[in-house]
Amino acid sequence: MNSIVVFLPGNIAGKFGADLKASYLLNMPYIIFPLLGAYRFLQSRKPVNIPKEQLKLRQNKSIFQRPFDLVMVIYLVLSCAFSLLRMLAAMDSPIPFAQTYVKFYEPYLLDPVIYPKLQMLVYWFYFTPYRLCAIYGLLYPGCEWMSDWALIHAGAAIQGQFSHIGSSLHSRTPYILRVPINTRPTFWVINLGLLVFPQLLAWRCLTKPAFFVKQSNKPKTN
């Protein structure tokens, strides 16, 4: 879905928008079937059964007693700030740090094909609200939606980052829009981090879901 959200509007709003053909409508199944697949996936998820004693043990720990979760919270906070920076850079904001970033680190954000601009807008307007919710879910127990949405976010992040990294370095991207040689190590660290950490968060939520299970307060009946 991430690719379609960027690809379809990009075809219309980009520099090739005037050349669209009727075959553009062939992309519609790529919207419908992923939505149906996501709906069926979310509906088919079975509840996690964990002993109540284990739930209390896991959920009574603060964030500072869960170092992996603390790292994930730090990542989510930094990624929100970085999404703002890249959104401003993609919109060619006159703010100095945005201009510095787009000039020396990711000039591809200003490519007239508009795909990178849309990808940064998706990161800001869709990924950032999820990340803020995920921070809440890692701080407070019982957020049962964490596992499902962490997996969806991981899939969208790996697709978006794979396309963005490849396009930023591709030989067919105009040379002046490619990542400068001297800043490529920083580019790789940032973009691989934005690719890998969502996978780690999904892995954590799916393999150790006790913190996210909602405890039932219903009394037992004989």
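Mentor: Let's begin with contacts across the chain. Taking contacts between residues at least 6 apart in sequence, 73% join residues at least 24 apart. Keep in mind that this is a predicted model. The protein chain has eight helices and zero strands, so its pattern along the sequence reads α-α-α-α-α-α-α-α, as the helix definition counts them. Of its 222 residues, 40% are buried. The accessible surface comes to about 13500 Å², and carbon and sulfur atoms account for 68% of that.

Now for the close look, at helices H6 and H7. Two packed helices are described by the angle between their axes and the distance between the axes. H6 covers residues 115-139 and H7 covers residues 146-169; their axes come within 11 Å and cross at roughly 150°. That angle makes H6 roughly antiparallel to H7, because angles over 145 degrees fall in that class. The crossing of the two helices is left-handed.

Which residues make the contact of H6 and H7? On the H6 side you will find Gln 119, Met 120, Tyr 123, Phe 127, Tyr 130, Arg 131, Ala 134, Gly 137 and Leu 138. From H7 come Met 146, Trp 149, Ala 150, His 153, Ala 156, Ala 157, Gly 160, Gln 161 and His 164. Sorted by class, this contact holds 11 nonpolar residues, six polar and one charged.

H4 (67-90) and H5 (96-104) pack at an angle of about 80°, with their axes 8 Å apart. These two are therefore roughly perpendicular to each other. In this contact, Phe 82, Leu 85, Arg 86, Leu 88 and Ala 89 of H4 meet Phe 97, Ala 98, Tyr 101 and Val 102 of H5. The classes here are eight nonpolar, no polar and one charged.

The loops on either side of H5 are worth a look too. Most residues other than glycine have a negative phi, and most peptide bonds are trans. Asp 92, in the loop between H4 and H5, has a positive phi of about 55° although it is not a glycine. Its relative accessibility is 41%, so Asp 92 counts as partly exposed. Ile 114 sits in the loop between H5 and H6, and this residue also has a positive phi, of about 70°, without being a glycine. Is Ile 114 buried or exposed? With a relative accessible area of 15%, Ile 114 is buried.

Phe 211 lies in the segment after helix H8 (184-207), and it is buried, with a relative accessible area of 3%. Phe 211 and Leu 139 are 72 residues apart along the chain, yet their C-alpha atoms are separated by 9.6 Å.

Notes: Residues numbered from 1 in each chain as written. Predicted model: local features only at pLDDT ≥ 70, side-chain atom pairs only at ≥ 80, totals over all residues. Heavy atoms only, no water. Axes fitted to C-alpha atoms, helices over the stretch in contact; angles between N-to-C directions. Helix = DSSP H or I, 4+ residues; strand = E, 2+ residues; numbered from the N terminus. Parallel < 35°, antiparallel > 145°, perpendicular 65-115°, else oblique. Left-handed = near helix turned anticlockwise from the far one by under 90°. Contact = heavy atoms within 4.5 Å. Nonpolar A, V, L, I, M, F, W, Y, C, P; charged D, E, K, R; others polar. Buried < 20%, exposed > 50% of the residue type's maximum accessible area, 1.4 Å probe, protein only. Areas by Shrake-Rupley, 256 points an atom, 1.4 Å probe, with all protein chains shown as cover.
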